[in-house]
Amino acid sequence: MNIQRKFEFDFFLFAIFLVTSVEVKMAVAIVDNNIPFAAADTFSSLVKEMFPHSEIAKSHASARTKTTCTVSLTMLSNHNSGMCVFRV
């Protein structure tokens, strides 16, 4: 793999990491503030409208289904490690 392709690949992985971290932070904020998961549908489109020039905002796609899955996986991983943070 040449240097240019490696740089593009590394940048692509970093961009995916940034988008994923935004989606996880949004899911945590929804749970922490007892906001219904249905609100994630609105937040996803709202982020894109608020930050139209941001590539991260354009890539943000975490509606209620993905948010629910993110929270469930977080609960499962915390439960398996003995650090159950959320209660259902």
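Modeller: Buried residues make up 18% of the 88 residues in the chain; buried means under 20% relative accessible area, exposed over 50%, and partly exposed in between (1.4 Å probe, protein chains only). This is a predicted model, so local features need pLDDT of at least 70 and side-chain atom pairs count only at pLDDT 80 or more, while totals for chains, interfaces and linings use all residues. Residues are numbered from 1 along each chain as its sequence is written, and side-chain values use heavy atoms, with hydrogens and water left out.

Colleague: How many helices and strands does the chain have?
Modeller: Four helices and zero strands, so helices and strands here are DSSP runs (H or I, at least four residues, for helices; E, at least two, for strands), numbered from the N terminus. The order from the N terminus is α-α-α-α.

Colleague: Let's talk confidence. What does the chain average in pLDDT?
Modeller: The average is 76, and 72% of the residues score at least 70. pLDDT is the predictor's confidence in each residue, from 0 to 100.

Colleague: Where is confidence lowest and where is it highest?
Modeller: Helix 4 (residues 64-80) has the lowest, at a mean of 74, and helix 2 has the highest, at 86. Also keep an eye on residues 83-88, where pLDDT stays under 50. The model has ten contacts beyond four places in sequence for that stretch, contact being heavy atoms within 4.5 Å.

Colleague: What should I do with low-pLDDT parts?
Modeller: Where pLDDT is low, the predicted coordinates should not be read in detail.

Colleague: OK, helix 2 then. What span should it have?
Modeller: Helix 2 covers residues 39-50, and its twelve residues should span 16 Å at 1.5 Å a residue. The expected span is 1.5 Å times one less than the number of residues. Its end C-alpha atoms are 16 Å apart, which agrees.

Colleague: Which residues in helix 2 are buried?
Modeller: A39, A40, S44 and V47. Seen down the axis of helix 2, its buried residues fall within an arc of 140 degrees, so they line one face of the helix. The arc is that of the directions from the helix axis to the C-beta atoms.

Colleague: What is S44 in contact with?
Modeller: Leaving aside its neighbours within four places in sequence, S44 is in contact with H60, A61 and S62. The relative accessible area of S44 is 8%, so it counts as buried.

Colleague: Switching to charges. How many salt bridges are there?
Modeller: Three, where a salt bridge is a side-chain nitrogen of Lys or Arg within 4 Å of a carboxyl oxygen of Asp or Glu.

Colleague: Why would such side chains pair at all?
Modeller: Side chains of opposite charge can pair when their charged atoms come close.

Colleague: Which helix holds the K58 and E55 pair?
Modeller: Both lie in helix 3 (residues 55-59), three residues apart, about one turn of the helix. E55 is exposed at 53% relative accessible area, and K58 is partly exposed at 46%.

Colleague: Last one: T65, buried or exposed?
Modeller: Exposed, with a relative accessible area of 65%. T65 lies in helix 4, and its C-alpha atom is separated by 8.9 Å from that of D41, 24 residues apart along the chain.
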